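Welcome, and thanks for having your viewer open. Please load the model, and we will go from one selection to the next.

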Amino acid sequence: MASLSQLLHERLSHAFETVADAPVDPVVQRSQRADFQSNAALGLAKRIGANPREIATRVIAAADLDDLVGAAAISGPGFINMNLRPDVLGRMAGEITADPRLGVPRTDQPETVVIDYSSTNAAKEMHVGHLRSTIIGDAAVRTLDWLGHRVIKRNHLGDWGTPFGMLIEHLLDIGEAEAADELSVGDLNGFYTAARRKFDAAEEFRDRARRRVVLLQSGDEATLRLWRLLVTESERYFMTVYERLESRLIEADFVGESSYNSELDRVVADLDRLGLLVASDGAECVFPEGFTGRDGAPLPLIVRKRDGGYGYAATDLAAVRDRVGTLKATRLLYVVGLPQQQHFAMVFAIACAAGWLSAPARATHIGFGSVLGPDGKMLRTRAGGTIKLSELLDEAVERAAAAIATKNPDLDEATRARIAHAVGIGAVKYADLATDRNRDYRFDFDRMLAFEGNTAPYLQYAHARIQSIFRRGDITPPRNGNPLHLTESAERTLAIELLEFPEVVTAVAETLEFHRLANYLYTLSTTFTAFYERCPILKAEEPTRTTRLTLADLTARILSTGLGLLGIATPDRM
């Protein structure tokens, strides 16, 4: 079902084109002076040298609005203000009550979408950088899957390379059982740091580590077994973090760098055959068109290093070939921090030049900024180290539990623990997703766990408050699709906001700018609060009572669905 703004946009587009004899964006938006407003007459008038009010008058006359708009008027220098017909608004709001999808259609053009996200490193701790990638990627998975696309998740695990020489030797030094125990309880930082310290301090250990890398890369079975132990125990630990985050990632989604080893020779050979490979300072590179360094010289992407080893670029190119050629994906999404923007742009350009990435397939880097502390600096421990993601989540849930105990001391322990988990984890996710992903954001527990303002607890509490209305009245919400009887302005405003949900979800699925969905849900919550304060629900007479109950139920359903797309739970009581 098209949203109200989409319907008005379509009708006014035809009218403006009739008046201007050229396509014109009508710029339809919400207004405090009317339900909707178009200011396109001002821009058109300036362009063609005409009076904007006269243009607006002609547009209204040409527009087919009678079945939607009760009154269309010109205000100021040429704004077109439109108030919707109450019966149309009531009918459209009533219709979505009977729709389990709340007016959001499944796509009629489903794609196979590969989403590369989280991208942890074996034997290294998950940190706040992985938090953003995991949260944003998971929201993309949930949204695109709900819209009907075939979504394939890829956790591009860093499970190969020279560090594994020292890690395997350290494993042998302390024993397999001790190593497995350290990794399984999440002491990945301790394990990696101990190996690195020995590598830096002892020549004998460095020699062993280098020899072990050669054995690993040559396929020595004993070395591969130890390598698999490191990777398996790391994955097992990562899964405990994903489960706490209620991420959609599962063990089968781990597809590490090593998965593409057998393809790397072929990637380089094909680049050479296509005339794209260039020898440069002993390495084999590709110089994609349009990329230059600070000195203006062409910028290379190293595919094979001078020692014969392969870099990240070769693995990433092999992954593109696999995802398009084998998985038949037409949309590739890489949820990786903004510092990797140029790298992925170059990889995509080379894949296009090689013919491995061609229409309808396309690849997009879904970049994101850094996580800062409350002081605006990079988020670190007091000692200046990297904060473990698991400890960050522990503190979020502990703080949420304390807040819930104060707010509702009558909850039993099990219920309080369940709600604290939903609120704590939800607060962390929402603080991330409510921020434009291209910007840095400040990780501040006090702000993100507040029950006021644009936070997950505020939205979760709004949902729980609506559920309490139905419990108090012992009422099952009406979901029969009948028209709503809208008489008060607060009812109209809420109904209009509810009907914008489909357009918001559709737009976010394309841009993956989840702050727009978060901000919509916050606006919906504040709109409901204004409605709740002005319009008694349980004490109202019929048919107003049923209309208001229905509006409350729709609000709760959209909050639950929208937050669910962001990976955030909505408890029925708080």
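Start by selecting Asp 432, which you will find in helix α15, residues 413-433. Keep in mind throughout that this is a predicted model. Is Asp 432 buried or exposed? Its relative accessibility is 1%, so Asp 432 counts as buried, the cut-off being under 20%. Show what surrounds Asp 432: beyond its neighbours within four places in sequence, it is in contact with Arg 132, Ile 135, Ile 136 and Tyr 441.

**Zoom out**

Now display the whole chain. The protein has 21 helices and 13 strands, and its C-alpha trace spans about 85 × 65 × 40 Å along the principal axes. Of its 574 residues, 53% count as buried.

**Into the cores**

Next, select Phe 16, Ile 115, Phe 443 and Leu 566. Within the largest nonpolar core, which has 153 residues, these four touch the most other members. Which helix gives this core its largest share? Colour helix α10, residues 221-245, and you have it: 12 residues of the core come from there.

Stay with Phe 443 and show its surroundings. Leaving out residues up to four places away in sequence, Phe 443 touches Leu 131, Val 371, Leu 372, Gly 373, Pro 374, Leu 379, Leu 392, Val 428 and Met 448. There is also a second, separate core of 36 residues; to find it, select Ile 152, Leu 277, Val 336 and Ile 350, which are among its members.

**Two helices against α9**

Select helix α6 (residues 163-174) together with helix α9 (residues 203-217). They pack at an angle of about 110 degrees, and their axes are 7 Å apart. The angle therefore makes α6 roughly perpendicular to α9. Turn the view to follow the crossing, in which α6 passes α9 in a right-handed sense. On the α6 side, the residues making the contact include Phe 164, Met 166, Ile 168 and Leu 172, while those on the α9 side include Phe 205, Arg 208, Val 213 and Leu 216. Colour this contact by class and you will see eight nonpolar, two polar and four charged residues.

From α8, pick out Ala 195, Lys 198, Phe 199, Asp 200 and Ala 201; from α9, their partners in the contact are Glu 203, Phe 205, Arg 206 and Ala 209. By class, this contact of α8 with α9 has five nonpolar, no polar and four charged residues.

**Two last stops**

Go to Ser 5, in helix α1 (residues 4-20). With 9% relative accessibility, Ser 5 counts as buried. Apart from residues up to four places away in sequence, Ser 5 touches Val 28, Phe 36, Glu 500 and Glu 503. Then draw a C-alpha to C-alpha distance from Ser 5 to Glu 284: these two are 279 residues apart in sequence and 53 Å apart in space.

Finish at Leu 274, in the loop between α11 (261-273) and β7 (277-280). At 37% relative accessibility, Leu 274 counts as partly exposed. A distance drawn from its C-alpha atom to that of Pro 105, 169 residues away along the chain, comes to 44 Å.

How values were computed: Residues numbered from 1 in each chain as written. Predicted model: local features only at pLDDT ≥ 70, side-chain atom pairs only at ≥ 80, totals over all residues. Heavy atoms only, no water. Axes fitted to C-alpha atoms, helices over the stretch in contact; angles between N-to-C directions. Helix = DSSP H or I, 4+ residues; strand = E, 2+ residues; numbered from the N terminus. Parallel < 35°, antiparallel > 145°, perpendicular 65-115°, else oblique. Left-handed = near helix turned anticlockwise from the far one by under 90°. Contact = heavy atoms within 4.5 Å. Nonpolar A, V, L, I, M, F, W, Y, C, P; charged D, E, K, R; others polar. Core = buried A, V, L, I, M, F, W, Y, C linked by side-chain atoms within 4.5 Å. Buried < 20%, exposed > 50% of the residue type's maximum accessible area, 1.4 Å probe, protein only.
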